[in-house]
Amino acid sequence: MIPREIIFGNLEYRIPALSPDGKYLAYVGPNHQDGSCCYIFVQEVSKLDSNDAKIVCPDNRIRNFFWAEDSTTILYYVNSSGKPGDETYHLWSINAVDVFKGSTPKSIDLTPGEKVNAKNAIANP
């Protein structure tokens, strides 16, 4: 019998996604240094064995994310209110590969506004 925790427990890592050029792997996972969840991490595919994943988005309200076609930008949804049950999401963008150049990526809210609710972005036409 499969233990309940395996089927119904929290996933430690989720939503793995390769960049369109295949150079980077992004996923949502916990920050083991401070115990928070769930941040977007990016790692170079050529260095998967090195355990060198970088946090590119330290926001634990992330619902989903996907790569833009340029293979450097990640678009992601964040619960803008931060309140459970309030399903108001904003769409944000971040240059995910800046961390490999030694700089801190800057998040940009693409849907600013108090009553704005972003839904159903299409990554590939």
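Me: Strands are DSSP runs (E) of at least two residues, numbered from the N terminus. In this predicted model, where is the place of Ser71?
Reply: Ser71 is not a glycine, yet it has a positive phi of about 65°. Most residues other than glycine have a negative phi. The place of Ser71 is in the loop between β5 and β6.

Me: Is Ser71 buried or exposed?
Reply: The cut-off for buried is under 20% relative accessible area. Ser71 has a relative accessible area of 4%, so it counts as buried.

Me: In which strand is Ile15 found?
Reply: Ile15 also has a positive phi, about 55°, although it is not a glycine. At 25% relative accessibility, Ile15 is partly exposed. Ile15 is found in strand β1.

Me: What is the order of the four strands in the open sheet?
Reply: Strands of a sheet pair through backbone hydrogen bonds. In this open sheet the pairing is antiparallel. The edge strands, each pairing on one side only, are β1 (14-18) and β4 (54-57). The twist averages 35° from one strand to the next, and the order is β1-β2-β3-β4.

Me: Which residue stands opposite Ala17?
Reply: β1 pairs with strand β2 (residues 24-31) in the antiparallel sense, over three bridges. The residue of β2 that stands opposite Ala17 is Ala26.

Me: Which residues touch the most other members of the largest nonpolar core?
Reply: This core has 19 residues. At least two of its residues come from each of β2, β3 (36-44), β4, β5 (62-67) and β6 (73-79). A second, separate core has seven residues, including Phe66, Leu75, Tyr77 and Ala118. In the largest core, the residues that touch the most other members are Ile40, Val42, Val56, Phe65, Trp67, Ile74 and Tyr76.

Me: How many residues apart in sequence are the parts that the pair of Tyr27 and Phe41 ties together?
Reply: The structure holds four aromatic pairs. For Tyr27 and Phe41, the ring centres are 5.4 Å apart and the planes lie at 10°; under 30 degrees counts as stacked, so this pair is stacked. Tyr27 is buried at a relative accessible area of 14%, and Phe41 is buried at 8%. Tyr27 lies in strand β2 and Phe41 in strand β3, so the parts tied together are apart in sequence by 14 residues.

Me: Which residues do ring pairs link into a cluster?
Reply: A pair of aromatic rings is described by the distance of the centres and the angle of the planes. Ring pairs here link three residues, Tyr24, Trp67 and Phe100.

Me: How far from the centre of the ring of Tyr89 is the charged end of Arg63?
Reply: The charged end of Arg63 sits over the ring of Tyr77, 5.6 Å from its centre. The charged end of Arg63 also sits over the ring of Tyr89, and there the distance from the centre is 4.9 Å.

Me: What is the N to O distance in the salt bridge of Lys47 and Glu44?
Reply: A search of the whole structure finds two salt bridges. Lys47 is partly exposed at 40% relative accessibility, whereas Glu44 is buried at 19%. Their side chains meet with an N to O distance of 3.5 Å.

Me: Which residue does the side chain of Lys54 meet in a salt bridge?
Reply: Lys54 has a relative accessible area of 28%, so it is partly exposed. With an N to O distance of 3.1 Å, the partner of Lys54 is Asp52.

Terms used: Residues are numbered from 1 along each chain as its sequence is written. This is a predicted model: local features need pLDDT of at least 70, side-chain atom pairs count only at pLDDT 80 or more; totals for chains, interfaces and linings use all residues. Side-chain values use heavy atoms; hydrogens and water are left out. Two strands pair if DSSP finds at least two bridges between them. Axes are lines fitted to C-alpha atoms, for helices over the stretch in contact, and angles run from 0 to 180 degrees between N-to-C directions. A nonpolar core is a set of buried Ala, Val, Leu, Ile, Met, Phe, Trp, Tyr and Cys residues joined through side-chain atoms within 4.5 Å. Buried means under 20% relative accessible area, exposed over 50%, partly exposed in between (1.4 Å probe, protein chains only). Rings of Phe, Tyr and Trp (its six-membered ring) pair if their centres lie within 6.5 Å; planes under 30 degrees apart count as stacked, over 60 as edge-to-face and the rest as tilted. A charge sits over a ring if NZ of Lys or CZ of Arg is within 6 Å of the ring centre and within 35 degrees of the ring normal. A salt bridge is a side-chain nitrogen of Lys or Arg within 4 Å of a carboxyl oxygen of Asp or Glu.
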